[in-house]
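Thank you all for making the time this morning. I would like to walk through one model with you, so please have the sequence and the structure open while I talk.

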Amino acid sequence: MNYKLQSTGTYDLVYVHFNFKLLVSRLINTFHLGVNRKCNGVEKKTVIQAVLQRRRRRPTTWAFSRSSDWWDVIVPGFTTAQWVLNFRMSEDTFQHLCEKVRPAMEKQNTTFRACVPLRKRVAVALWKLATNAEYRSISHLFGVSITTVCRCVQDFCDAARELLVPELIKFPDLHTLQDMSAYFHSRWGLPQCVGAIDGSHIPIIAPQDFHCDYFNRKGWHSVILQAVVDGRGLFWSVSAGMPGSVHDARVLRLSSFQELVDHGSLFPTRTRDIGGVDVGYYILGDSAYPLQRWLMKPFLDTGRLTAGQQLFNRKISRARVVVENAFGRLKGRWRCLLKRNDSDLTLVKSMVLACCALHNLCESHGEDFNNEWNLTVQAGAAAEPEVALGQIADEDGKDVREALMLHLSTRDLLQSTG
């Protein structure tokens, strides 16, 4: 007998294919020995033809049963708190997510097997993203094969890139920019500000090709996630996959965000006169980024900053906390981004984008964030590599920064005297 192992959804099926020629030979030998040893050649030929003309039997199938009691019996009784603890979202949000990815992830039953249901496939992927557990552990938990776990994760990340990212992470229109600007102004006193930008390193195993490019300043391999968030910590521009050795300013320069700004299709020409300077919409960055009319960063602290410059730096730093908190909540919920990811580099990039989309989904649906997840981030996350200062030669927008500094100083003075 020849054995062939085929991995499928819920079972590993072993198809046993009989060697037909060997079967015919055994039947002929049996006929020779036990039926009629003295038959002539014509009778032998007739027996062989009769055997060969018989229809071949269908392959026999055995199945290795796996227990899925946890998913089938325990999970249906989960409370909302248990859903959030295990899958990072309530059951209502989970069902909403399933409907969003249904066109790309739902499978059909076949003659040979019943497919894994859509809800279970999505749950397998969320468990991997939320825990970064081994595929084998997830296989035992959900009662599916390791191959099925891999396929669920891959299919979900592909579906997220295709369906979720374009809907949940998109450049704001004029009306949305106005709302963003109003929120930053009311909360931090920064007029015309619509977001904050920063980069975060995602640990990975060393790639086979060009692994030195992914070796960052802290001595470990990573890819860079660059993101822009609004005042509520929602991502509205993300770029993932650049090697860990690349400077933040270069990541920005090579991103689609920079391309849109250069073509004038990101920020509309809606300016406001501040101290005699036309100030358009801008985002906040740290000292690693170049100063631009649409990107404000703190004054370089040389030890001789004026009171107005120090006030401006404090305001910028307080507002920029929103992007740092967003990264903390992102990695707290989805721990596949927290510690070294052993997946293929292409899949890691898809995982990062999928997690960013899930972050926006959870935040916009008001899902609870467990404070213990933040403690896990602080204890388990690798230290972020320090970034060198951006190049001064390419800077622009000093007049805008000076105007904002004077505006903040005047406003602070009026508040203190009033």
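Predicted model: local features only at pLDDT ≥ 70, side-chain atom pairs only at ≥ 80, totals over all residues.

Let me begin with a question: which residues are exposed on the other side of helix 9? They are His175 and Ser186, where exposed means over 50% relative accessible area, buried means under 20%, and partly exposed lies in between, with a 1.4 Å probe and protein chains only.

Residues are numbered from 1 along each chain as its sequence is written, and side-chain values use heavy atoms, with hydrogens and water left out.

Of its 418 residues, 47% count as buried. If we take the contacts, meaning heavy atoms within 4.5 Å, between residues at least 6 apart in sequence, 70% of them join residues at least 24 apart.

Coming back to helix 9, its buried residues are Leu177, Met180, Ser181, Phe184 and Trp188. They cover an arc of only 100° around the axis, which puts them on the same side of helix 9, the arc being that of the directions from the helix axis to the C-beta atoms. As a reminder, an α-helix has 3.6 residues a turn, so residues three or four places apart point the same way. Among the elements that cover this buried side are strand 4 (193-203), strand 6 (235-243) and helix 12 (307-333), and helix 9 is followed by Gly189, whose phi is positive, near 75°.

Strand 4 runs antiparallel to strand 5 (residues 222-229) and is joined to it by eight bridges, with Pro203 opposite Ser222. Strand 5 in turn pairs with strand 6 in the antiparallel sense over seven bridges, and here Ile224 stands opposite Met242. Five residues lie between the strands of this hairpin, where Gly233 takes a positive phi near 85°.

Why do we call strand 6 largely enclosed by the rest of the structure? It is because seven of its nine residues are buried.

Finally, let me turn to helix 7 (residues 135-142), where the buried residues are Tyr135, Ile138, Ser139 and Phe142. These cover an arc of only 105° around the axis, which puts them on the same side of helix 7, while the face turned away from that buried side carries the exposed residues Arg136 and His140. The buried residues of helix 7 pack against helix 3 (69-74), helix 4 (80-87), helix 6, helix 8 (146-168) and helix 13 (345-364). After helix 7 comes Gly143, again with a positive phi, near 70°.

Terms used:
Helix = DSSP H or I, 4+ residues; strand = E, 2+ residues; numbered from the N terminus. Pairing = 2+ DSSP bridges.
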